[in-house]
Amino acid sequence: MSALDPREELAQRLGLSAAPAPRFESPEALSQALTARDYLSSPAIASVTYLADRLAKPLLIEGPAGTGKTALAKAVAEASGARLIRLQCYEGLDEAKALYEWNYRKQLLRIQASGAAGVDQWSERESDIFSEEFLLTRPLLEAIRSTKPVVLLIDEIDRVELETEALLLEILSEYQVSIPELGTVKATQIPMVFLTSNNTRELSEALKRRCLYLYLDYPDVARERDIIVSRVPGVSEALASHIAQVVHSLRQMDLKKAPSVSETLDWARTLVVLGRAELDDALVNETLHLLLKYQSDLEKAMRALSRPTGA
Amino acid sequence: MLDLLGGFIAELRTAGLPVSLGEHVDAARALESIDLGDRELFRAALRATLVKRGEHLAAFDRLFTLYFAPRLATPEPEPDDEPHVTAATTTRAPAGGQSSGELRDEMLAAMMANDGAGLQAGARQAVDRYAGIEKGRPVGAAYYLYRTLRHLDVDGLASELEAAFTPENASPLEARLAHDQAVEAIDGLRDALEQEILSQLVDDRGVEAMAEATRRPLPEDVDVMQANREELANLEKALVPLGRKLAARLAQKRRKRRRGPVDVRRTIRESLSTGGVPLDIRFRPPHPVKPDIVVMADMSGSVASFARFTLLLVHALNDEFTRVRSFVFVDGVDEVSHLFEACDDPTEAADRIANEANMVVADGHSDYGRVVEQFADRYLATLQPRSTLLILGDARNNYHLARSEAFAAITRRVKRVYWLNPEPQGYWRSGDSVLGEYAPYCDDVLECRTLRQLETFVMGLS
């Protein structure tokens, strides 16, 4: 079999002299590097992120809000010493804001500055004003053109329309951007690409096919406890595990909006500021509104938590 | 390896997961570039390359366990004619000398310490000892699971665990947490046992046979009429995100819809710059038309669960419609819109319907004829010419009169009428079904048995 290593093959296609080595040696190394940046990963997260880097494929992360999708990309960027380029998606995002735009004012100035010219000079002038000098790079093109290692984060991809997704396809599979006036701009390194989605709509098959997929769910009790301990200064181990348990129980209930990890952290910080070392029923009832944002959820949770048997 | 992967992917496809050829290649390449000894990495590689939807992960995990479970090192050499408890323990089980009480204590300790490996080892012994798996007997895994759980006295275990987790003088909160913890630990035990049983059965019957025997439809393909309690609970959980997703899509669709009529004023004003020639035609922004929905749901036993889902979904999309009015019926009809308006949570409203709606007037068997007559009598005047009427039911009339003339009168008052029938299309118009008499007055009669079909229908509505 003549199958090449995925990174080498991509490097060949991009015309690079040598394939850049993967950023991380193993899932464990990745996991440790992330822990050093205060991001506690689970084995599944570490493995999939490692694979995305190893196979040079974009990583699509889906899951409920506030489970650390964006934070993962940031932590990976920090851990690998790469620059983070972020494209926040929204409805109505277009080529000019995502890829590139011609600096039209500067082009006008250029034409005026060189004075009135004959028709015969037109083609020369045209090639002049459609050169790199007049190109405004937007996040996607910037990530491709960067000579230093980058991590590209395309945040909340589910917010753009289905048609706009197509803008990304070339970058995601080929790591290149075609500009009609200039030709194709190819990456000079292999950027690591993260896409996040809150799953408010189904992404297109074409996009999904090009990515690895990671579903980030709420952490389990042990991991959440560790997250609290590492992110909230001054919290005791016992309090942290108690908090994690309460939050875990809340998530099992049928609520409109389950508490996210960031809300858990807010709650923990508040308890620390209040100087409480232990959770008791009254305290939970008083501060539950930090976790739950709907009145009906709040009432339901209070009722359930004061009823021992659950049913 | 590639053959095994191919078989695995074929099975994923049979289970309904859309795995493309490209993804197959990706998976193979991923396996080539990792260390196959690392089980977690191996699993992550397949999961990340083959599954692209959160809802499909459960199906993937189930099949992965079947195909790539850590096998027992040596298949049992002795013919085990008499599947006796003691025989099984002596031939296997490294720590065979334990009494059953010790085994149970060990598992209890493993569960309390949240020790996965210990639990798995315990589960293996428990299955060897209690399940009494007989080679070649086509008995489902559920039966063995039940036997093992009964021998382990799972209810006793649960209360012991709960007691162990509960501190002294526990407050209600602490008691609740202990309870939740115990429930979770028992779920863990159940999973461990099931996995063990499955892997032993796979050794016996082969992967393909087991995959076929344990094949389950994806959540969106579950037939609502035939779903068991667990599947129904899962379906209801899936409804909330589905509602949210549909709402987002409907809103987007509405915003993008064709532009409105020509704006003459702006077009003329614009034309001044081109010497009065209207080069650029200007349009008014589109006027969003939200449909007005009236739902009539049959709540009689046979189709109640389906009606409940549809009501929940329609009300979850409340904002996407001008107005939603709901009626429920068995042999009488009653309006329940106020229940949904009063409750913040549609689920709660749906729960209250059974107690508070006045939908039985005679014997409690569906009587569509009486219902349409009553409806025409009481509510006809409240129907709007722009309404869309949805009728949910199987049209099984228990041989009562259909009274299609009353139905026709109702349908004339509204813009569109759709009949959603949870029965398979093949059964329609057979037996006591009166669908044939109503169908001519409906714009469409649709088979709607799964969440997927329901989703497609709702998307087409606006």
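Biologist: Why are strand β6 and strand β7 of chain A said to pair?

Modeller: Two strands pair if DSSP finds at least two bridges between them. Strand β6 (residues 176-179) and strand β7 (residues 183-186) of chain A have four bridges, in the antiparallel sense, so they pair. Strands are DSSP runs of E of at least two residues, and helices are runs of H or I of at least four, numbered from the N terminus. Val177(A) stands opposite Val185(A) in β7(A), and three residues lie between β6(A) and β7(A) in a hairpin.

This is a predicted model, in which local features need pLDDT of at least 70, side-chain atom pairs count only at pLDDT 80 or more, and totals for chains, interfaces and linings use all residues. Residues are numbered from 1 along each chain as its sequence is written, with chains lettered from A and ligands numbered from 1 in the order in which they are written.

Biologist: Which residues of helix α20 of chain B are buried?

Modeller: A residue is buried if 20 or more other C-beta atoms lie within 10 Å of its own, exposed if 12 or fewer, and partly exposed in between, with C-beta atoms placed from the backbone. In α20 (residues 451-461) of chain B, Leu451(B), Leu454(B) and Val458(B) are buried.

Biologist: Why do the buried residues of α20(B) line one face of the helix?

Modeller: Seen down the axis, they fall within an arc of 60 degrees, so they line one face. The arc is that of the directions from the helix axis to the C-beta atoms. The face turned away from the buried side carries the exposed Thr456(B), Met459(B) and Gly460(B).
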